[in-house]
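Here is a short report on one chain of a model and on its contact with a neighbour. Keep the structure open while you read.

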Amino acid sequence: MSAGNNWVALTTIWIKECTRFLRIWVQTLVPPAITMSLYFVIFGNLIGQRIGEMGGFSYMEFIVPGLIMMSVITNSYANVSSSFFSAKFQRNLEEMLVAPVPTWVIILGYIGGGVARAMLIGLIVSIVSMLFVDVSIHSLPVIIITLLLTATLFATAGLVNGIFAKTFDDISLIPTFVLTPLTYLGGVFYSLSLLPEFWQWVSKANPIVYMVNGFRYGFLGVSDVNIGAAIGVLVVFNVALFSVAYTLLKRGTGIRT
Amino acid sequence: MQALTISGLTKTYRGGVQALKGVELTVDEGDFFALLGPNGAGKSTTIGIISSLVNPSSGDVKVFGYDLHSEKELAKSCIGLVPQEFNFNQFETVQQIVVNQAGYYGVPRQLANERAEKYLTQLDLWEKRNARARELSGGMKRRLMIARALMHEPKMLILDEPTAGVDIEIRRSMWRFLEEINKQGITIILTTHYLEEAEMLCRNIAIIDKGQIVENTSMKSLLSKLNVETFVLDIQGNTQHLSLEGFEYRLSDSSTLEVDVAKSDGLNTVFSQLTEQGIQVMSMRNKANRLEELFVSLVEAGRKEQG
């Protein structure tokens, strides 16, 4: 197809994906706002007052970037994995497969939908956090870059999960057994400097540490890892996962007989 | 020009099931073509390969001269697919479904909206454009899939059991619609279990069984192979001593007579013999669909040949 046709196909998939999560906003947009409000009240306000400062900031200020990032990660992932798997399950993915839509357009369309939901939720959680604490911004470009790269990365990961999934259980296994532990151990609620040296070293093998810290640097100007390394890790993982998703879809894994 | 050329097409599924064993098939541009076969014969696999939903094991498929492997996008643009099972998002509205489908083919949104109005109106769905797909009746869903397949204005429409589960009135209106778009130049390939449908609509026919084409000819020449037809006659008069010389016949009841008539004999002799015996023929019809009889005999013959 020509570039113009590809653009039409891409925007069609993107609009379709955005329409989907907006149509079911009670399932997609409200829960993160409620969950994060609870985190702010319980961890930030009640427990946080007893914890005191972390990294030179109040505990509430410290956890805000991590909690926004946690919402972005879970929602970008969930949006694409569930939407792609549903399209496979209901077989309406065939609408795209019979059409001359290039594989990369399908991937970008789904990722675009996941990123849009993640951005919207990031905004909602940020607004909720402002009710509890004065949010300061150290570097807006770093915030935007880490947010976009993280949302893209997990949207792509969700797509890969959706490609392999054969049942609805398969799309909840990775979030439950991989994503949630990595996120909680990724420095959302604590600074790595609190850990013994060995566990600090182990933690640095967790890619979510780089995302949370990169994002926190954008807000607070402090980070447990080098900000350049954080962005570098995100770029490398994005390229690698996009290549995996492209190869799988091009080959027809999980979608063509 | 040929709308579809299939040569040496084979498909072996992962479990070792050989669904296609070297299918050879050609469909002319503008044809109304029937692909028939019993369940599991390879119809859906063939259609799946043509529409890029199934990867072939070997063989070539060309759509309007475009190779499905090396010129995939051009070949795909020529095809509109109406699958057997409903495969749209049940939560989307009718208009969203058709407009999105056009978008996947690169049709800009404004033009897609214009076409949506055109095809949904033609298929009596325009009033339902804002209804969610799951709220539609079975017949409406079938028509929605036809409208969706036409949104990019393909040169060839493939319909896999398009009238399954549809009442006779809607079925007839769908036949009229398909005949109309065929007259406008769209090549149509149809699979169906209603053989009457194939006989009524299609000019050419292929019969597939166990992954091979066992017959590929014109409907006319296929039907001419039928030597004996059974007619059911509603009669009035005394049938106590009824006798038809030279014909096999059965009386279902005192006013229903079934007669097997060879093509060479014709019906006049039957009528004259009945008239001589004071029996009046009030009405008459074919007992079974003619194509159905042929279909069964061809499939059975093919199976005997294969041992």
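Predicted model: local features only at pLDDT ≥ 70, side-chain atom pairs only at ≥ 80, totals over all residues.

**A first pairing**

Start at B:Leu4. This residue stands opposite B:Val63, which belongs to strand E4 of chain B. The two residues mark one place in a longer pairing. Strand E1 of chain B covers residues 2-12, E4 covers residues 58-63, and five bridges join them. The two strands run antiparallel.

Now follow E4(B) onward. Two bridges link E4(B) to strand E5 of chain B, residues 66-67, and this pair also runs antiparallel. Here B:Val63 stands opposite B:Tyr66. The hairpin of E4(B) and E5(B) has two residues between its strands. B:Phe64 takes a positive phi there, near 50 degrees.

What holds such strands side by side? Strands of a sheet pair through backbone hydrogen bonds, in either a parallel or an antiparallel way.

Chain B has a mean pLDDT of 88, and 95% of its residues reach 70 or more. Confidence in chain B is highest in helix H3(B), at 96. Helix H10 of chain B, residues 290-305, has the lowest confidence, at a mean of 68.

**The six-stranded sheet**

Which order do the strands of the open six-stranded sheet of chain B take? The order is E6-E7-E8-E3-E9-E10, with mixed pairing. Strands E6 (79-82) and E10 (212-218) of chain B are the edges, and each pairs on one side only. From one strand to the next, the twist averages 15 degrees.

Look at one pair inside this sheet. Strand E3 of chain B, residues 32-36, and strand E8 of chain B, residues 187-191, pair in the parallel sense over three bridges. B:Phe33 has B:Ile189 in E8(B) as its bridge partner.

Helices lie across this sheet too. Helix H1 of chain B, residues 43-50, lies across E3, E6, E7, E8 and E9 of chain B. H1 runs at about 145 degrees to E7(B). Helix H5 of chain B, residues 138-150, lies across E6 and E7 of chain B, at about 165 degrees to E6(B).

**The four-stranded sheet**

Chain B has an open sheet of four strands as well, in the order E12-E13-E11-E14. Its pairing is antiparallel. The edge strands are E12 (248-253) and E14 (280-286) of chain B, and each pairs on one side only. Neighbouring strands are turned by 25 degrees against each other on average, direction ignored. Six bridges join strand E11 of chain B, residues 228-236, to E14(B), and the two run antiparallel. Within this pair, B:Asp234 has B:Ser283 in E14(B) as its bridge partner.

| Strand pair (chain B) | Bridges | Sense |
|---|---|---|
| E1 and E4 | five bridges | antiparallel |
| E4 and E5 | two bridges | antiparallel |
| E3 and E8 | three bridges | parallel |
| E11 and E14 | six bridges | antiparallel |

**Where the chains touch**

How many residues does each chain give to the contact? Chain B gives 25 residues and chain A gives 21 residues. On the side of chain B that touches chain A, helices H2 (72-77) and H3 (94-104) of chain B each supply at least two residues. H3(B) brings the largest share of that side, four residues. By type, the residues on that side of chain B are ten nonpolar, twelve polar and three charged.

Note on methods
Residues numbered from 1 in each chain as written. Chains lettered and ligands numbered in written order. Pairing = 2+ DSSP bridges. Contact = placed C-beta atoms within 7 Å. Nonpolar A, V, L, I, M, F, W, Y, C, P; charged D, E, K, R; others polar. Axes fitted to C-alpha atoms, helices over the stretch in contact; angles between N-to-C directions. pLDDT = per-residue confidence, 0-100.
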